[in-house]
Amino acid sequence: MKRVVIIGGGGTGDYAAFTLRKRGFDGEITILSADRDRPYDRPYLSKEFLRGEIEPPKVFLHDESDYAKERIELHLEQHVTGGSLTERRLTVAGGDDVSFDVLVLGLGGTPRRLPGIPDAENVLTLRSLGDSKAIREALGHARRLLLIGAGFIGAEVAASARKLGKEVLLVEALPVPLQRALGSEVGEIYAAIHRDQGVDVRTDTKVESWHTDGNRVTGVTLSGGKDEEADLVLVAVGIEPNLDLPRGLGLPIEGGGVRVDEGLRAAENVYVGGDVALHQHPVLRRAIRVEHWEVAKNQGRGIAGSIAGGHQPYTKIPYFWSDQYDVNLEYRGHASGDDTAVWRGDREARSFSVFYLRDGLVEGVLSMNDSKTNEAGGKLVESRRRMDPSALEDTNRDLAELASTTT
Ligand SMILES: Cc1cc2nc3c(=O)[nH]c(=O)nc-3n(C[C@H](O)[C@H](O)[C@H](O)COP(=O)(O)OP(=O)(O)OC[C@H]3O[C@@H](n4cnc5c(N)ncnc54)[C@H](O)[C@@H]3O)c2cc1C
């Protein structure tokens with residue numbers, strides 16, 4: 001009987017474990033997670049949970065009893081520090097070694113800290129349920145939140161804090177929010193949405209110096225010399241993928257992740273998914289690393305399928321969404337900043353999609369309040385057919401039909 005050991009109780013790990021059982025795997029399944037909480041739905045942490053709209057039972061992916069029912073051994077607060085792939089053995093901090101036949105890694109990342117930011121009690125980061133609880137509690141007493149970084153987490157927390165009636169100052173070093181992920185034009189639209197909701201958005205701006213009182217930050221001086229007060233600070237400047245363990249195990253590290261093949265395998269009997277995986281995507285035909293929830297979940301499922309049913313490629317096109325105020329954003333595919341943007345729909349009404357084309361192929365599609373187009377756009381990404389930009393722009397053309405007819 002085989003023993004599968006999964007390191008990481010996040011999207012990848014939890015979905016891999018339960019899918020293994022669904023696919024008829026009858027061996028031992030063990031999850032070792034450094035987190036103190038059982039696996040939860042991380043996207044809630046910047047949205048409904050942070051705002052107090054849902055409570056813990058709803059954030060968990062499974063009831064405690066489900067793990068026993070499915071014979072999944074879940075060990076929390078277990079930090080795996082190393083091991084040997086040849087000896088099929090793992091070292092756990094402060095505990096006994098654990099042996100495995102098949103290893104799955106879904107390790108996620110750690111929030112980046114910028115140099116110069118004081119290590120004060122009201123300067124927080126957001127990754128875990130514990131972090132979100134701490135921010136929720138601190139927001140309850142705060143008047144003015146300073147957010148450093150206008151990526152997705154920063155932008156979503158800004159929206160949540162505004163909904164809670166807090167003053168929000170959002171400081172971003174780049175000229176527009178979400179620029180890296182969405183490009184300048186969509187980023188400008190997002191800046192306008194946040195400003196309309198009362199967020200004080202300062203782009204092209206950095207913190208020059210920090211004002212402190214004892215162990216608390218009380219404010220900052222921004223580039224340009226302006227002083228600003230704040231009684232809570234959230235640093236949201238991205239993550240560093242957790243690569244110490246895979247590096248120590250001798251797995252191939254490349255492009256900020258663990259290099260895995262088309263079927264998410266990094267070495268014999270070792271699978272890696274989620275934020276840490278640099279995946280050779282068989283449909284997009286290049287290596288991509290994606291930090292999104294649906295990708296982690298689906299890769300966990302894909303890994304389980306390979307373990308239970310024989311090695312197979314993972315072919316799903318990346319998908320993510322973000323909700324801020326009443327604006328829903330969806331994205332399918334994996335485009336880069338150099339791709340040609342083709343717009344479809346009504347920018348003014350904030351209901352549109354943008355297709356990103358490279359050599360005529362649709363690499364990605366982003367939609368704001370335009371779900372139907374996004375779904376059809378995903379099929380265009382999958383089709384790997386050359387598209388005529390004027391046909392994509394034309395709202396009278398049926399996109400699903402285009403995917404099946406264009407050569
Ligand atoms: C606040 C927040 C909101 C988000 N919102 C969205 C959203 O709206 N849409 C979206 O698409 N994505 C969103 N994301 C991103 C998404 O949650 C991640 O991409 C996803 O969780 C990655 O899954 P993972 O399995 O790779 O890692 P994680 O879910 O981070 O899980 C990693 C697990 O590994 C454990 N671990 C790490 N190292 C070790 C070790 N050495 N030993 C033992 N255990 C270890 C950790 O404790 C954790 O349990 C959000 C992320 C955050 C933080």
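Start by selecting W210 and look across to V220 in β14, which stands opposite. Strands here are DSSP runs of E of at least two residues, helices are runs of H or I of at least four, and both are numbered from the N terminus. Before going on, keep in mind that this is a predicted model: local features need pLDDT of at least 70, side-chain atom pairs count only at pLDDT 80 or more, and totals for chains, interfaces and linings use all residues. Residues are numbered from 1 along each chain as its sequence is written.

**Stop one: the three-stranded sheet**

Now colour β13, β14 and β15. They form an open sheet in the order β13-β14-β15, with antiparallel pairing; two strands pair if DSSP finds at least two bridges between them. β13 (207-213) and β15 (227-229) are the edge strands, each with a single partner, so one side of each has no neighbour in the sheet. From one strand to the next the twist averages 30°, with axes fitted as lines to C-alpha atoms (for helices, over the stretch in contact) and angles running from 0 to 180 degrees between N-to-C directions.

Six bridges hold β13 against β14. Go to the turn of their hairpin, where two residues sit between the strands and G214 has a positive phi of about 60°. Then follow β14 (residues 216-222) to β15, joined by three bridges. Pick T221 and you'll find D227 as its bridge partner; for G219, the partner is E229. This second hairpin has four residues between the strands, and G224 takes a positive phi near 100°.

**Stop two: the domains and the ligand**

Zoom out and colour by domain: domain 1 is 3-110 + 239-309, domain 2 is 113-235 and domain 3 is 326-405, with bounds from an automatic or database domain assignment. The centres of domain 1 and domain 2, taken over C-alpha atoms, are 30 Å apart. Where these two meet, 13 residues of domain 1 contact 14 of domain 2 (contact: C-beta atoms, placed from the backbone, within 7 Å).

Where does the ligand lie? Both domain 1 and domain 2 give residues to the shell around the ligand, so it lies between them. Select that shell: 36 residues surround the ligand, and the closest are G8, G10, G108, G274 and A296. A residue counts here if its C-beta atom, placed from the backbone, lies within 6 Å. α1 (11-22), α9 (293-309) and β24 (319-324) each supply at least two shell residues.

**Stop three: α1 against α9**

Keep α1 and α9 on screen. Their axes come within 7 Å and cross at roughly 35°. For the contact itself, show the side chains of α1 residues including Y15, T19 and L20, and of α9 residues including W293, A296 and I303.

**Stop four: the five-stranded sheet**

Finally, follow β24 into an open sheet of five strands, ordered β24-β25-β28-β27-β26, with antiparallel pairing. β24 and β26 (340-346) stand at the edges with a single partner each, so one side of each lacks a neighbour in the sheet. Neighbouring strands are turned by 15° against each other on average, direction ignored. Six bridges pair β24 with β25 (residues 327-333) in the antiparallel sense; select S322 and its bridge partner in β25, L329.
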